[in-house]
Every structure is written in structure tokens, then in C-alpha cells.
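Welcome, and please have your viewer ready. We will take this one selection at a time.

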Amino acid sequence: MTVFSKTPILGALLAQVVAMPLVAIATALVSARVDHTLLILGAVLLQGLLAALICRLLGLAVWWLVIAFLFPLALSGALLAGNLPAWPFGLAFLVLALVFSNTARGRVPLYLTNNETAGVLKDLMTERKATRFLDLGCGLGGVVRALDGDGRQARGIENAPAVFLAARLLSRLSRSGDIRRGDLWRADVSKEDVVYAFLSPEPMAALWQKLSTEMKPGSLFISNSFPVPDREPDETWTLSDGRKTVLYLYGMGRKAEA
Ligand SMILES: C[S@@+](CC[C@H](N)C(=O)[O-])C[C@H]1O[C@@H](n2cnc3c(N)ncnc32)[C@H](O)[C@@H]1O
């Protein structure tokens with residue numbers, strides 16, 4: 001795994017920096033023969049194309065290629081728009097950073113478990129007489145609040161600052177669930193009956209390494225949508241909700257299963 005596959009934003013930035021002198025040379029070569037406006041437009045397009053190509057060579061995912069292409073267009077569009085106030089951009093940056101600051105590193109974006117899935121998890125806990133539940137990367141904490149109560153203790157761990165604050169506030173207001181700020185990789189999972197995660201394909205292999213060695217025998221790991229690579233789930237449930245959610249269930253049979 002390269003530094004760019006781990007932190008693709010670095011690759012995207014590098015692509016723009018490397019493309020810049022190449023575009024400068026290309027535009028200098030033709031500047032005497034081409035109309036000024038056309039030259040600028042061509043330079044912006046070339047910058048985007050080259051940056052996207054470099055992202056491709058660095059092995060970044062396809063959406064980074066799209067971002068790399070659109071970035072110079074968006075930047076020059078904003079510059080051409082003239083005297084725009086700066087504060088909306090600053091505010092938007094701050095909000096995005098507080099919500100998605102962990103996404104560039106962990107490659108787990110924010111999307112939420114729906115009510116139907118939370119209902120299925122609740123029934124499963126009732127059937128298994130399970131009392132302790134942990135949502136790793138709990139987002140706004142909806143699953144935690146849905147499962148907490150009636151003898152169940154549900155906890156959630158979240159590391160995106162704004163998302164954590166919203167989840168904590170909602171849980172305080174509804175007096176249900178225990179939301180903590182923290183890194184899921186450091187979470188103590190040893191006492192949980194059910195550990196739940198709705199993350200992305202990226203962390204699943206490493207997550208299995210952690211859970212299979214740290215969860216107690218007889219407990220259950222449930223992953224929404226993303227199976228553990230090279231590991232057959234004990235059960236796979238396809239739900240009848242709108243998005244046909246698939247839950248992968250892994251029983252923790254032995255102390256160390258890795
Ligand atoms: C796809 S969302 C799922 C939210 C919630 N579990 C649900 O199902 O509704 C994944 C969440 O994991 C959080 N996350 C990603 N990496 C994390 C980490 N290392 N530690 C804690 N939370 C993390 C993200 O900020 C995001 O809110």
C-alpha cells in the first residue's frame with residue numbers, strides 16, 4: 001500500500017503541482033500564436049487533464065480523477081467571478097473539515113443506516129438476549145439510540161468532530177445511547193455482545209484482525225454492506241428495505257480467529 005492509496009488527497013495535490021510547470025511550458029510555447037482567452041481556457045483544461053492523468057498513474061480511485069479535472073475549472077471560475085466575499089468559502093471549508101476530516105485518512109465517508117436495518121438489529125439482539133452493542137463509527141448515532149433501552153446498553157464511537165457533537169447532543173436530548181469521541185481502532189470491544197460497523201471496503205481486513213482477536217467468544221460482528229475479504233460470513237442477510245441492505249454476520253467462536 002503506497003502513501004497515496006492510504007492518503008489519496010496527497011496524490012491529488014501532487015498531481016496538480018506536477019501538472020503546473022508542464023502547462024506553463026506548453027502555454028509559453030504557443031502563447032504568441034493563440035488568442036489570450038483561448039490560451040487561458042486551454043491552460044485550465046490541460047491542467048485538469050494532466051492532473052487527472054497523473055492521479056491515474058498514481059493509482060487513485062476514479063472519483064479523484066474527476067476531482068483533479070474539475071478543480072482547476074472551479075478555481076478559475078471562482079477567480080473570474082470577480083469580487084466574491086471570502087467568508088462563505090471559509091465557512092464551507094470549516095464545516096466540510098469538521099464533518100469529513102477523517103474521510104481522507106480513513107476512507108470511510110458518512111452515510112447512515114436506515115430505520116429498517118436498525119429494527120432488524122434490535123430484533124436480532126432481542127432474539128440472542130444480547131445486552132451490549134457497539135457501533136464502530138456511529139455517525140449521528142441513530143443506530144445507537146434505536147438499540148439502547150429495554151435492558152440493552154448501546155454505545156457508539158465517532159471521530160469526526162462535528163458528527164460526534166451532533167450525535168452526542170441528540171443522544172443527550174433523547175437520553176439514550178452512549179456516544180464517545182474516539183478512534184474505532186482503539187475501541188475496547190472485549191465486552192460487547194454485538195459489534196456493528198457500516199464503513200467501506202477499505203478497512204475491513206484490518207478491522208477483522210482487530211475484532212477476531214479482541215472480541216469475546218460467542219459474540220457477533222455485523223458488517224453492513226461490506227464483507228470481510230477472504231472470510232466466509234456465518235450468515236448473510238439481505239433485507240427488504242429500499243436499498244436491499246446486506247448484513248454480513250460473523251460469529252466469534254474462538255479467542256483468536258485471525
Ligand atoms: C458510513 S458512516 C456509518 C454511520 C453509522 N454507523 C450508521 O450506520 O448510521 C461511518 C462513520 O464512521 C466514522 N469513522 C470513520 N473512521 C473512523 C474512525 N477511525 N474512528 C471512529 N469513527 C470513524 C465516520 O466519520 C462516519 O461517521
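Start by selecting E214. In this predicted model, E214 counts as partly exposed, because its relative accessibility of 32% falls between the 20% limit for buried and the 50% limit for exposed. Is K210 buried or exposed? K210 counts as buried, at 7% relative accessibility.

Next, select K216 and D193. Their side chains meet in a salt bridge at 2.9 Å, N to O. This pair links distant parts of the chain, 23 residues apart: K216 is in the loop between α10 (204-214) and β5 (219-224), while D193 is in the loop between β3 (178-181) and β4 (194-197). K216 is partly exposed with a relative accessible area of 28%, whereas D193 is buried, with 18%.

Then move to K191 and D188, whose side chains also meet in a salt bridge, at 3.3 Å from N to O. Here K191 is partly exposed, with a relative accessible area of 46%, and D188 is partly exposed as well, with 40%.

To finish with the charged side chains, pick R132, R155 and E192, which are linked in a network of salt bridges. How many salt bridges does the structure hold? There are seven.

**Into the core**

Which residues does F221 contact, leaving aside its neighbours within four places in sequence? Show V195, A197, M204, L207, W208, L211, M215, V228, Y248, L249, Y250 and M252. F221 is also a member of the largest nonpolar core, a set of 41 residues. Together with L136, L207, L211 and I222, F221 touches the most other members of that core. Colour strand β7 (residues 246-252) next: this strand gives the most to the core, with five residues. Apart from this core lies another one, of 15 residues, including A19, A52, C55 and L60. In soluble globular proteins, nonpolar side chains tend to be buried together.

**Out to a surface patch**

Two helices, α3 (36-57) and α4 (62-80), each supply at least two of the patch residues. Zoom in on L73, which is found in helix α4. L73 counts as partly exposed, at 31% relative accessibility, so it passes the requirement of over 30% for patch residues.

**Zooming out**

Along its principal axes, the C-alpha trace spans about 80 × 40 × 35 Å.

With burial as the colouring, 38% of the 258 residues count as buried. The chain exposes about 14,700 Å², and carbon and sulfur atoms supply 65% of that area.

Notes. Residues are numbered from 1 along each chain as its sequence is written. This is a predicted model: local features need pLDDT of at least 70, side-chain atom pairs count only at pLDDT 80 or more; totals for chains, interfaces and linings use all residues. Side-chain values use heavy atoms; hydrogens and water are left out. Helices (H or I, at least four residues) and strands (E, at least two) are DSSP runs, numbered from the N terminus. Buried means under 20% relative accessible area, exposed over 50%, partly exposed in between (1.4 Å probe, protein chains only). A nonpolar core is a set of buried Ala, Val, Leu, Ile, Met, Phe, Trp, Tyr and Cys residues joined through side-chain atoms within 4.5 Å. Contact means heavy atoms within 4.5 Å. Accessible areas come from the Shrake-Rupley method with a 1.4 Å probe; for residues, only the protein chains shown count as cover. A salt bridge is a side-chain nitrogen of Lys or Arg within 4 Å of a carboxyl oxygen of Asp or Glu.
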